[in-house]
Amino acid sequence: MTKDAFMAADTPAIQTFLRQLYFGHTTRARAFRYGLLLIDLITIAYFIVSAMIDPDRHHHALDYGIAVFLTADYIARLIASPTPQRYVFSFTSLADVVVIISLIVPAFFENFAFLRVVRMLRLLRSYHLLKELRDASKWFRRNEEILQSAVNLAVFIFVITAVVFVLEHDRNDAINNYLDALYFTVTTLTTTGFGDITMTDSLGRLLTVLIMIFGVGLFLRLVQTIFRPAKVQFACPDCGLNRHDPDAVHCKHCGRTLNIPTDGTWD
């Protein structure tokens, strides 16, 4: 019995259909998931751009349309999931719920500027995108570590920026929009510190201290892993282990002497 046939056994027709779409291996299922990946990329780009351009905009029909789509996708994933309770309490699922709420709330109440920033949680979907693309593309598998670090860096920067904006847009006259918060975050993380945007209140200064202590080191580490990955890809002739330290002489798994090509730039 194939995996798709096994999933179809003893389940309601709608659940079987959705499981085949979300987890199946047919051409139709793969095309469906690639379509979802494209939509995820578009919504992520839209949330980033809209937060930068006009974080106070409200009652936008496109937001409500995205909310309807995300809600339908969430319900479909819930029905298709073999463990619905685990899915509901997964971090990605909870983030999607928060994003959906942030898109709907302005229809009933006054819009809050931070709602558009909360939608940056949609960036967490990037990890799902990376997983899907890794399974589908040899190029993504070869560059998995670099791409993972790039995603981590993007999520880290935009989430920190969101925190800065939410806490400071009503306290600091120099932070009027998301782009100002992004500018402050990047100059702080890169230790450039131009000084044209500074924190004037105690909370803001505490936040800056935390970014300096914890953020700078993590930022530099993520940048380093993008341009200089911690492991290199080289298949051991004996055991097949294909991830090694750049300066490895022997395979850590079987002890085989390795001859890893290098350009001599590793420390």
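Let me start with the contacts. Of the contacts in this chain with a separation of 6 or more, 53% are between residues 24 or more positions apart. The chain has 267 residues, and 40% of them are buried. Keep in mind that this is a predicted model.

On to confidence. The mean pLDDT of the chain is 80, with 85% of the residues at 70 or more. By element, the lowest mean is 48, for helix H1, residues 3-8, and the highest is 91, for helix H11, residues 178-189. Residues 6-10 fall below 50 in pLDDT, and in the model that stretch makes seven contacts beyond near neighbours in sequence.

Next, the secondary structure. There are twelve helices and two strands.

Now one helix pair. Two packed helices are described by the angle between their axes and the distance between the axes. Here the pair is H3, residues 27-53, and H4, residues 61-80; the angle is about 140° and the axes are 12 Å apart. Since angles count as roughly antiparallel only over 145, H3 is oblique to H4. The crossing of the two is left-handed.

Which residues make the contact? From H3 they are Leu-36, Ile-39, Thr-43, Tyr-46 and Phe-47, and from H4 they are Leu-62, Asp-63, Ile-66, Phe-69, Asp-73 and Arg-77. By type, that contact divides into seven nonpolar residues, one polar and three charged.

That is the end of my part.

Conventions. Residues numbered from 1 in each chain as written. Predicted model: local features only at pLDDT ≥ 70, side-chain atom pairs only at ≥ 80, totals over all residues. Heavy atoms only, no water. Axes fitted to C-alpha atoms, helices over the stretch in contact; angles between N-to-C directions. Helix = DSSP H or I, 4+ residues; strand = E, 2+ residues; numbered from the N terminus. Parallel < 35°, antiparallel > 145°, perpendicular 65-115°, else oblique. Left-handed = near helix turned anticlockwise from the far one by under 90°. Contact = heavy atoms within 4.5 Å. Nonpolar A, V, L, I, M, F, W, Y, C, P; charged D, E, K, R; others polar. pLDDT = per-residue confidence, 0-100. Buried < 20%, exposed > 50% of the residue type's maximum accessible area, 1.4 Å probe, protein only.
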